[in-house]
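The sequence and structure come first.

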Amino acid sequence: MAVTRASSPLAQRSSLTLTDLLDEPLLLRENGSGTRKVFEDWASAFNVKKDDFAQVIEFGSSGGIVNLLQSLGVSFMYRSLVNPQLADQSLVTLPIKGLDISRPIAMVYAKNSFFENEYRQLL
């Protein structure tokens, strides 16, 4: 999902395109990150590259992105990374047209694990 600070003018918009975000700094994970690859592949479908953004700031962790988002920029990340900030409304999701990305997940656990039932419920 696309995320920004609640005070951003973009947060007031009911519908956006990816190109509407290009004047904002883009906060991204480092090169080689799976999250970054998903974003870059999706953006390329709209003929947008990371370098089309006003500024690109790269991070080695999602935590750094979440912290900086409080004051500037936009980012694309999993909801679970910003649930507390969405709940306290310091960050908001942006309604980007065509942003419908899903990613497969694989789950591996030890046979006869004590938590096997819980793991199966996730599937």
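Contact here means heavy atoms within 4.5 Å. Helices (H or I, at least four residues) and strands (E, at least two) are DSSP runs, numbered from the N terminus. The model is predicted, with local features requiring pLDDT of at least 70 and side-chain atom pairs counted only at pLDDT 80 or more, while totals for chains, interfaces and linings use all residues. Residues are numbered from 1 along each chain as its sequence is written, and side-chain values use heavy atoms, with hydrogens and water left out.

**Helix α1 and its cover**

Buried means under 20% relative accessible area, exposed means over 50%, and partly exposed lies in between (1.4 Å probe, protein chains only). An α-helix has 3.6 residues a turn, so residues three or four places apart point the same way.

S33 lies in the loop between β2 (25-29) and α1 (34-44). With a relative accessibility of 8%, S33 counts as buried. S33 caps the N-terminal end of α1, with a side-chain oxygen 3.3 Å from the backbone nitrogen of T35. A polar contact is a pair of N or O atoms within 3.5 Å; within protein, one must be able to donate a hydrogen and the other to accept it, and residues adjacent in sequence count only if both atoms are side-chain atoms.

**Nonpolar cores**

A nonpolar core is a set of buried Ala, Val, Leu, Ile, Met, Phe, Trp, Tyr and Cys residues joined through side-chain atoms within 4.5 Å. The largest such core has 17 residues, of which L18, L21, F39, F53, F76 and L94 touch the most other members. Two or more residues come from each of β2, α1 and β4 (74-76). With 3 residues, α1 gives the most to this core. A second, separate core has 10 residues, including F59, I65, L69 and M77. Setting aside residues up to four places away in sequence, F39 touches L18, L26, L28, F53 and F76.

**Aromatic pairs**

Rings of Phe, Tyr and Trp (its six-membered ring) pair if their centres lie within 6.5 Å; planes under 30 degrees apart count as stacked, over 60 as edge-to-face and the rest as tilted. A search of the whole structure finds 6 aromatic pairs. In one of them, the rings of W42 and F76 have centres 5.7 Å apart and planes at 50°, so the pair is tilted. This pair links distant parts of the chain, with W42 in helix α1 and F76 in strand β4, 34 residues apart. Both W42 and F76 are buried. Ring pairs also link F39, W42, F46, F53 and F76 into a cluster.

**Salt bridges**

A salt bridge is a side-chain nitrogen of Lys or Arg within 4 Å of a carboxyl oxygen of Asp or Glu. The structure holds 8 salt bridges, among them those in the table.

| Salt bridge | N to O distance |
|---|---|
| E30 and R29 | 3.0 Å |
| E58 and R36 | 3.0 Å |
| K49 and D52 | 3.9 Å |

Salt bridges that share partners join R36, E40 and E58 into one network. R36 is buried, at a relative accessible area of 3%, whereas E58 is partly exposed at 43%.

M1 is placed in the segment before β1 (2-5) and is partly exposed, at 23% relative accessibility. Leaving aside neighbours within four places in sequence, M1 is in contact with S75, F76, M77, R79, V82, L86, T93 and L99. The C-alpha atoms of M1 and R79 are 6.7 Å apart, although 78 residues separate the two along the chain.

N67 lies in helix α2 (residues 62-69) and is exposed, at 57% relative accessibility. The C-alpha atoms of N67 and Q85, 18 residues apart along the chain, are separated by 9.9 Å.
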